[in-house]
Amino acid sequence: MKALTALKTFFGFAPRVPREQAMAAFARRYASFKELLEANAGLAATLAELESVQHGERVLEVTQIRQEAARAVLQCERMAEKLNDISGGTYASLELAVKAIAKRISAELEQHTDEEVTQLTLPLNKIDAGMAHSVGGKSANLGELGNTLGMRIPRGFAVTLHAGSMMLLRPAGLFKNIHKHLRSVDPEAPSTLQTAFAAIESLIVQAETPNDIEKALCSAWDEIFGNEPGPRAALRSSAVAEDGAQSFAGQYRTILGVTRGTLIRDYKKIIASLFSERALAYRALHGYPLDAMGMGVCCLEMVKAKSAGVVFSRHPVDFRSNNLVINSLWGLGEMVVDGKSNPDVWLISRATKRAADERIAHKAEMMVLADSGEEHTTTVHVPEDLRDAPSLTQAQVTRLAETALALERHYQFPQDVEWAVNDNDEIILLQTRPMGIDAASDIAVPELGDLAPLFSGADVAARGVGCGPVTPVRQDEDMTHFPEGGVMLIKHSSPRVMTALRRASAIIAETGSLTGHMASLCREFGVPTLMNLPDVCRALAPGRTVTVDAFAGRIFDGEIPELLALSIRRQNNNIDKPVLFLLRRIAPHIMPLHLTDPQSSLFAPENCLSLHDVMRFAHEKSYAEMFKISDNLSGSSAGAASRLVCPVPLDLYVIDLGGGLKNPEAPSALPEEVTSVPFQQILAGMTNPHVQAKGPRPVNMRGFLSVVGRSVAGDNQESGGARFGDRSYAIVSDRYLNFSSRVGYHYAILDTWCGETLSKNYIRFEFAGGAAGSEQRVRRVKCIALILSELGFTVDVMGDRVRARFRKYSRAEMLPRLDQLGRLLIMTRQMDMLMVDEDSVRRYADNFLNGFYH
């Protein structure tokens, strides 16, 4: 019986399967493929949504982030399930990978709760980034560095926001009096900010400290430092929105050299800085309420710093630069962040970790801890042999670069990191926060002919152009009367300019740091800022109108209209900080793409570390599985097929999966009865009158004899040596086509989706084999590859096989390329006979692209 069946099959007499039965397998695979593409599009939209939140372009609530994460997991589960439907269960391990990733995401979501923390203090080793709503941004980030990432941070503890609220609300009448002073504040009148802060600070410092708070702070101190002799700490503000997208850089207070005896008094000073004139101005500009009560405090062991500074994981001004920036000085790092001294600067390639530029400054003074007295720090002379020496070793520079890049990867956002090097030459991290990014587009600065600038070569801290009268501002000067549109001229950078920032058209600082607090604020608010122009304060007279070119680092006399046309102002992004912290925790499990090379042995389900990896793997493999759909076709499938009656040199059968033929059950179909969009285009190309030969096709005799000789000798084994049956198939729907042409010793397969959704659209094409000698077969695929490359396809050539892709283009872009592929399918027949030398490869490709087919 088996022998009889085999003979019937060989001679073409195998029984036909009923149409319904023959169609069922195709329909199931096609339906699963459509669902996979829909899930892929949905997941792509979710990833784009989360990325826009991550970069401050959109605002979502915490509950919405949770919903988006759940939606992303669901879409990945669908993609894995449908891929297994298409492949017959080949990728069962992918579903296990999705479950593992979903479990990690769920663990992060469960850990991030908004339950109120009732403790007044928490040790840093019990804190992570998800607790920002309880301990503030700075403490949460430090806990994340130490506990999640295992990086070196100082010993310390956090005083919670709950304690801060208690400090303001528990003393009788305190907050009522604070609110009374806040009502008198006019953000446009800096003097009212100064008056309010002076009164509020006095109220808070003189208020009785609740016993619960005093006991909790002293107990936390003793738990961290024990009976060590004379430990000193830094008290740093840690507000809810601090160290987030709105940086609050330098707006709250930091007190260095704190002892157990001064702990309570200094803590109250930090709480009072919630209402400092700079903080009030900053909150007013960003739309935060002036009576905000979200103030935590971070108590850190002081590092006996040999050197300290800041590292930016990206260039703070030129975001397209591939360099990160390190600023460093001897001693404590406050002189770097406050911009009071010119630091050593290293520009380090993010790719190689090698120095692209190194500028070692002359360092005359440094800040150190004071031995005694009311002031906790003091400025001393740098030892003479260190004044012109680098404040970091090369190994420390490399380590800082690696650390900054690791933090950027973890937080999925460029980072501004403060650090110190201790007596043992160890790098200790003091804080990290998102960078204030100046990411304006590249702007071509116009040529100004012979017009010479007054000053050039300045460091650009924030890009843009501003024009106005020069307005010098002295240290600690009242900003109340700073004029609208003035060009602020200052001796050195200081975050004190916050109160007048909105009114300044530009800022010029004689000295300053690109990584300092003021530079961050200027970038955040889009105020053009230049730094490090020696003698500029002496040279520019008050009231002189100047144009500040903070693209090229120049200052011009008067008003320069050509430059003012480049003036830019950036919008500020208000982001719900708990959302940002939550997103940073779950993003590594959702958004990074690690599987980038489908040809790599690592491109496997077990290496999917994120939902994006699962998406990439399932999407790629679904194409491969659909590409092979015609492998399941045989003569028994004819019951599902309609023979195409068409003037093309192929015995072509069409299987309609839905919407591809006007009458899918008819035994034959005409080209005008095809309703599949991609198949219509292929047929248009194949039947193009210019492609159809009007007479015998010219054949090179050497090529022809090669084909005959090789066929007789059996020398076509490099493509398997198999002669295919002459039947070709097109499996179609309204937007889908899988076209398989296997004629003689060569085959061509085309798989495409062509619809209205750009992200779903693709073309995959493969051609291999032939009857000619190996050299001619290889030349033919080179020729095909040249043609497809010129048409915009991504092409891979392996021996006598060519594979090509065209993905994620509009339908309007897809249609003409499908037409060209139809023409190419006709012209590839016996093309190998024309490939007699290497010159014929380029000649034939050029002829085809220019419409000369014969």
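Hi everyone. Let me start with a definition: the axis of a helix here is a line fitted to its C-alpha atoms, over the stretch in contact with the other helix. Two packed helices are then described by the angle between their axes and the distance between the axes. Please keep in mind that this is a predicted model.

Now for our pair. Helix α20, residues 677–686, packs against helix α23, residues 811–827, at an angle of about 45°, and their axes are 6 Å apart. The crossing of α20 past α23 is right-handed.

Next, let's look at a pair of strands. Strand β19 covers residues 545–549 and strand β20 covers residues 554–557; they run antiparallel, joined by four bridges. Together, β19 and β20 make a hairpin with four residues between them. In the turn, Gly 553 has a positive phi of about 70°.

How many cavities of 30 Å³ or more does the structure hold? There are six. The largest cavity has about 180 Å³ of space. Its lining has 19 residues, and those nearest the centre are Arg 236, Leu 332, Gly 333, Glu 334 and Leu 430. Several elements each supply at least two lining residues, including strand β3 (233–239), helix α13 (334–337) and strand β12 (415–421).

Terms used. Residues numbered from 1 in each chain as written. Predicted model: local features only at pLDDT ≥ 70, side-chain atom pairs only at ≥ 80, totals over all residues. Heavy atoms only, no water. 1 Å grid on protein atoms, 1.4 Å probe; cavity = no way out; pocket = protein on both sides within 12 Å on 5 of 7 lines; lining within 4 Å. Points joined across faces, edges and corners; volume = space filled by probe spheres on them. Pairing = 2+ DSSP bridges. Axes fitted to C-alpha atoms, helices over the stretch in contact; angles between N-to-C directions. Left-handed = near helix turned anticlockwise from the far one by under 90°.
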